[in-house]
Amino acid sequence: MPGDVDDAAGRSSASARRLAPLRIESTPSLVADRIRMGIFDGTFPPDSQLNEVELARSLGVSRGPIREAFQRLMQDAAAISGLEQIVSAIGRSVDSEWSELVAIDLEFHRSLVAASGSSRLTRAFEPMYAETRMLLAHMEIHYERRADLVDEHRAIVEAIQAGDRKLIERLVHGHMSDSVTKLVR
Amino acid sequence: MTGTASPGDPLGPLRAQSTPALIADLLRAEVLVGAFPPHSQLSEAHLARQLQVSRGPVREAMQRLIQEGLLRSERNRGVFVVALGHDDARDVYLARGVIEGAAAAIVARQVPPVAMLQLQRLLDQLAASTGGPWTEVITHDLAFHQALVDAAGSLRLSRMFHTLVAETRLCLLRLEPFYRDGTEVIAEHRGILDALESGRPATAERLIRLHMDAAAARLAVPERVTLSD
């Protein structure tokens, strides 16, 4: 562990180190952002191969962060395809029992939070799914067309795919406040 | 933390705490001052003997601290003090950024006058505590954030924040070298409070995220990682 060896030296130079620039985002996440941008703007067309060595050279980083960025992008892709599958399942269940629809709907939101990769956020949200189920056991959210439920969730997934943070936030907030106003006993 | 009386109220509330709650408070305090170092094992029997209580309440107290993320249970091995690594610290601040950012946006939309006064008072106390013992600074820092989340008036946001308090304290213990003169930390909090008072939800939320990112980045400086891995 280099930390142990450097400890004494590290302490004495603590004040100098404070002035080091704060790099808020890690290199892999910056690399992942750049690749994502390249995919959206057509620099990397569908089915084109991404070359680790070339990317490392053009971005001026080593190959490690590139590999980690690839991992992240693949995880993102897996999370999005998981969400898409749940949206399809919601579509298939619009005529099912209300409680069944609620369970699938909550599965979407649980997966969404889990896709953040934060174990603490996932843990903190957990009690609210149980509470939502309890709430919706006695109340229904009134939809003119239950298929609207599919569209609302699909729109969220599409906004995530497009990486549009403002839109994602607006859609999710809208989805929640809408549910509250449509609650009926 | 339970048991701290508010300054305006000399006797403090009289509350009968259960034995497990008292033991949990005691163990938590020990872990948070570093009396039980990371990775060290806690023995139920040994603690029960020392505290002269039976093993049941000790077990229950340990369970509470496991839920708070301060202890970790390993099957067939026992219970250990956690060692928060880089990823944990990043995750603590990421989760706090989301929860407190949401709370800040709500508070900035409502600007509740009483809560604003309280936040101002807590910030003054935080400013006054810098230069003193670091654990005091931490307590005031956390009190500010707790009050901010509570000001949103959402029981569930407050509950989510509460699950992160103990781990935040552990992270803050390692931040001392970066906040020694306190000017930066006060400026960051002041900026957040200004955004809340002037009713700017987007700014308040952004400043909260920046405050968290800055803390996470400071924790990521290599020589402070001797606790982990």
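User: Which domains does the domain assignment of chain B give?
Analyst: Heads-up: this is a predicted model, where local features need pLDDT of at least 70, side-chain atom pairs count only at pLDDT 80 or more, and totals for chains, interfaces and linings use all residues. Residues are numbered from 1 along each chain as its sequence is written, with chains lettered from A and ligands numbered from 1 in the order in which they are written. The bounds come from an automatic or database domain assignment. For chain B that gives domain 1 (19-81) and domain 2 (86-227).

User: How many residues of domain 2 of chain B are in contact with domain 1 of chain B?
Analyst: Contact here means C-beta atoms, placed from the backbone, within 7 Å. Over C-alpha atoms, the two domain centres sit 27 Å apart. Eight residues of domain 1 of chain B touch domain 2 of chain B, and the count on the domain 2 side is seven.

User: Is B:Ser43 buried or exposed?
Analyst: Buried takes 20 or more other C-beta atoms within 10 Å of the residue's own, exposed takes 12 or fewer, and partly exposed is in between, with C-beta atoms placed from the backbone. B:Ser43 has 12 C-beta neighbours inside 10 Å, so it counts as exposed.

User: How far apart in space are B:Ser43 and B:Arg59, C-alpha to C-alpha?
Analyst: In sequence, B:Ser43 and B:Arg59 are 16 residues apart. Going C-alpha to C-alpha, the separation in space is 9.6 Å.

Note on methods:
Contact = placed C-beta atoms within 7 Å.
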